[in-house]
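Student: Could we go through this structure together, starting with the chains and ending with the backbone?

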Amino acid sequence: MNLNAQKVGVAVIGAGPAGMAAAIKAKEAGAKDVVIIERSEELGGLLHQCIHNGFGLLYFNEDLTGPEYAVRFIERVKELKIRTQLETMVIKISQDRDIMAVSSKQGYITFKPKAIVLTMGCRERSRGAINIPGTRPAGIFTAGTAQRFVNVEGFVPGKKIVILGSGDIGMIMARRLTLEGAEVKAVVEILPYVGGLIRNEVQCIHDFDIPLLLESTVTHIHGEQRVEAVTVARVDRDRNPIAGSERKIECDTLLLSVGLIPENELSLMAGVELDPVTGGPVVDENMQTNVHGIFAGGNVVHVNDLVDNVTWESDLAGASAARFALEVKPVGRGKIALKPGRGIRYIVPQLISGLRDVTLYMRVREPEQNVRINVGDIMSRSLRVVKPSVMIKLTLSAEQLKKLEKGTREIMVECEKRKGKK
Amino acid sequence: MSRLKTEVLIIGGGVLGAVVARELSKYKVDVTLVEKEVDFGWGSTKASANIVCQGADSLEFRKEYHRSKLVWDSMSLMEPLCKELDVPFERVGELGIIRNNNELARFRKMKSRAEAVNITTHRFVDRETLRQMEPNITKKAIGALYDPLIAVTDPVRLTIALMENAKRNGVNTMTETEVLDISTGVDEFEVQTCKGLIETKFIVNAAGVFVDKVAALINADDFVVFPVKGYIGILDKNLGVLVNHVLYAMPRVRSEYNMVFPSVHGNIFFGIPFQLCKRRDYSTTREMAQRALENAKGLVPSISESNIINSFAGFLMFRNWELGWHECVVRPSRTVPRFINLSIGYPGISAAPATAKEVVELLAQEGLKLLKNPEFNPYRKGITDFSELTDAGKKSLVAEDPRYGHVVCRCETVTEGEVVDSIKRGATTLDGVKFRTRAGMGRCQGGFCSPRVSQILARELVIPEKRVTKKGGRSRQLLFKSKELLGRRE
């Protein structure tokens, strides 16, 4: 159709941790003409603004900062001489897998790849998305945007800060802004528990004596030009504000850390089916989407809490894409659906073949203690503490999968309370 | 303090002030427009519902109201005006949704009232036809009253376009210029603004929600404005074509409209519950938000809270003490000569083009000499919308100017080229860029692009990035440099 299209083997969209891992693995698996298409001027994505530590504890057995973690992959990309197409924004993926992109240097470019790996990551939920009433002044930022301003651009948005939501970036920014000399007046969380990792709650909130207001929310934003205050109220069980519990907190800045949404506008254009719970593509154990030849990995599939898991998933997506591009062995689709049952919010991958070892990533609905995760009746794992913010990772072996009855189409995964334990 | 002389001073740079300025620029008249905000169309205009209608709230088609005439006369003027100014305009049509016989009776009454004033475009459609026109409509709908003439536009873009064209044709404009006092000199007004004194022969008071306050500065008022604010929610574009027409249902209570309607930019809007409020109160409330969402779901059940990307409140209408709810003020002051008061209230956009023509006539009656401006050019080209170009068009534009290859706002695919163009045309703030280019209007609401737009603004305006504001005044985004709060310099 497009005569000027550049033919490539594997095109990877996005050069964050997911994209770099996928490209490296695709290349290592022998794929020819791997290209990473990245909209910013460098590889690494959001890792560059994550100057805190805690990256790579699982993948490298080392405690790295975001930029350090990024550099490991950037160097490998260079070693392997993987082609990188920087400052290039993909604006469309057609149903027949053509990629349309623009760049200031090269203009309008079309790629015709054999396989695509989607690694666009996620974006933050905004104020509009959570519909906070009030005025529309300056001084309202998502935590990640504030992180970029502080860590990359060299600005501090304000000096009296309220943070709504206790996602990981919000808690990390609470500490970061405190260290920058700002006063974090409160971290406000609507749930009875913190939304991010336990280590962040301890190291970023408690260690700095930052007030944590659980079961509370911001019910109004005040200030015409710049934020002047927010009203915070306690909420009832249905998360509705309790009348009479409101109090006004003076501040000049409101940060939002109220969730992340996988960035799948391009996936939708390409006809990729999304899971309404994860907001990301439905994938099989090869990280292939419903569109043949389109794979996905990392936060575009589901929002991870650890970059290490992003890397593992994307390793798999990259290797699978290479196999597809090389046509060595057709990459078939999984036929058995993993269904989230009682207590489970979602499972990735959603489809498996039942023939090989497969790693499952899943999240529970509520925090719970002393539970058992049952994967149909072929596997059961006891866990002492589960939290929605902490991903559960289980590996099903081919051996275990052999126990499945022939013709099984669906496996229910459940989280049940262990008997006899309180 | 500076001193400026002009023939006609327009107070207020909303859609009314702008359309009057542009109309006057067709003549050899010295016109100055002052706006208290940093940009044009940021008051009631910004908060209006995008709809160009022929019957105000569609329930009343009353000949006795001057406002009705202005709205009807504007119907045929709006589309050519938008064409001349390269502003989006889509005649989508409106469907008054009927859910029961009681509502049917009310819509019948409305139709006959419209016909009584020679508006004959309405027709009833049955359940099946409605379903074909609006596949996502509630199952409870038994039919609709269809009005094909209703259209949607972008009121802020229209206002900005009018101002650009007016300026090109000689109108002088001053932003961040609030009128503080007005007094009469010999045969001139002396208008004290925060930026200095302006002497003028004629005044057109188009100060929107402050119109009566401005008039009161010189006792030119014989009316009072009561601001009412409404809530409108905006849904994500990725819902696709959820509704094709402006959907309108009979409200459950008096203090609301019940509408779901498309915008020219592909988002769906819904609303509009309203309430009396203070003049500067643009805040939304939880109660309004919930009621709007509930009503919208009642019309289109597939709408859900998770589709909302933003919401806003704005002044919908003004109750006019002396004239009654439905009337407008387009007339010379009864006490002060050469002083024209303008207050349409809702729907100001729909009535704007005819109002401008009438204001020019009123000024002539008050003694303004009108000689045609032979150099008047009615055309204005809008900012190129990169995302709307064909593949070939995109290709050649990027080849011509590489800044169009740098996408700044990913949600709305806005390029650096467009942002720079908007700044060249007068945007000085993040919101100014947003309303001209849509950078920051998408689903991430500026999370991604605001640091980039902020940098471009600083570069193009040659100011430190710390001085970049969201919407002028004290609305700076970034209050400190890194380490500044620690008492150290980097």
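This is a predicted model: local features need pLDDT of at least 70, side-chain atom pairs count only at pLDDT 80 or more; totals for chains, interfaces and linings use all residues.

Student: How many residues of chain B are in contact with chain A?

Tutor: On the side of chain B, 47 residues are in contact with 47 residues of chain A.

Student: Which elements of chain B supply that side?

Tutor: At least two residues each come from α7 (286-299), β17 (308-320), α9 (391-400), α12 (450-461) and β22 (480-481) of chain B. The largest share, 5 residues, is that of α9(B).

Student: And how do the residues of that side divide by class?

Tutor: The side of chain B that touches chain A has 16 nonpolar, 17 polar and 14 charged residues.

Student: Which strand of chain A pairs with β22(B)?

Tutor: That is strand β11 (residues 155-156) of chain A, which pairs with β22(B) in the antiparallel sense over 2 bridges. Within β22(B), B:F480 is the bridge partner of A:V156.

Student: Let us turn to domains. What does the assignment give for chain A?

Tutor: The domain assignment gives domain 1 (6-123 + 261-326), domain 2 (126-258) and domain 3 (336-417) of chain A. Taken over C-alpha atoms, the centres of domain 1 and domain 2 of chain A are separated by 31 Å.

Student: How many residues does the contact take from domain 1 and domain 2 of chain A?

Tutor: Domain 1 of chain A gives 6 residues to the contact and domain 2 of chain A gives 8 residues. On the side of domain 1 of chain A that touches domain 2 of chain A, there are 1 nonpolar, 4 polar and 1 charged residues.

Student: What about the largest nonpolar core?

Tutor: The largest nonpolar core has 118 residues, and B:A21, B:V204 and B:L247 have the most contacts inside it. Helix α8 (residues 348-365) of chain B provides the largest share of this core, 8 residues. At least three residues of the core come from each of domain 1 (2-46 + 155-224 + 323-365) and domain 2 (94-148 + 226-320) of chain B.

Student: Which residues is B:L247 in contact with?

Tutor: Leaving aside neighbours within four places in sequence, B:L247 is in contact with B:L95, B:I97, B:E134, B:M259, B:V260, B:F261 and B:L299. Apart from this core lies another core, of 110 residues, among them A:F55, A:Y69, A:I99 and A:L316. In soluble globular proteins, nonpolar side chains tend to be buried together.

Student: Now the backbone. Which peptide bond in chain A is cis?

Tutor: The bond from A:V348 to A:P349 is cis, with omega near 0 degrees. A:P349 is in the loop between β22 (344-348) and β23 (351-352) of chain A. In chain B, the peptide bond from B:G271 to B:I272 is cis, with omega near 5 degrees, and B:I272 is in strand β16 (residues 268-276) of chain B. Most peptide bonds are trans.

Student: And what is phi of B:N50?

Tutor: Phi of B:N50 is near 75 degrees, a positive value in a residue other than glycine. B:N50 is in the loop between β2 (31-34) and β3 (51-52) of chain B.

Student: Is B:N50 buried or exposed?

Tutor: B:N50 counts as buried, because 23 C-beta neighbours lie inside 10 Å.

Student: How about B:N219, buried or exposed?

Tutor: B:N219 counts as exposed, because B:N219 has 12 C-beta neighbours inside 10 Å. Phi of B:N219 is positive, near 55 degrees, and B:N219 is in the loop between α6 (211-216) and β13 (225-235) of chain B.

Methods. Residues are numbered from 1 along each chain as its sequence is written. Chains are lettered from A and ligands numbered from 1 in the order in which they are written. Helices (H or I, at least four residues) and strands (E, at least two) are DSSP runs, numbered from the N terminus. A residue is buried if 20 or more other C-beta atoms lie within 10 Å of its own, exposed if 12 or fewer, and partly exposed in between; C-beta atoms are placed from the backbone. Domain bounds come from an automatic or database domain assignment. Two residues are in contact if their C-beta atoms, placed from the backbone, lie within 7 Å. Ala, Val, Leu, Ile, Met, Phe, Trp, Tyr, Cys and Pro count as nonpolar, Asp, Glu, Lys and Arg as charged, and the others, Gly among them, as polar. Two strands pair if DSSP finds at least two bridges between them. A nonpolar core is a set of buried Ala, Val, Leu, Ile, Met, Phe, Trp, Tyr and Cys residues joined through C-beta atoms within 7 Å.
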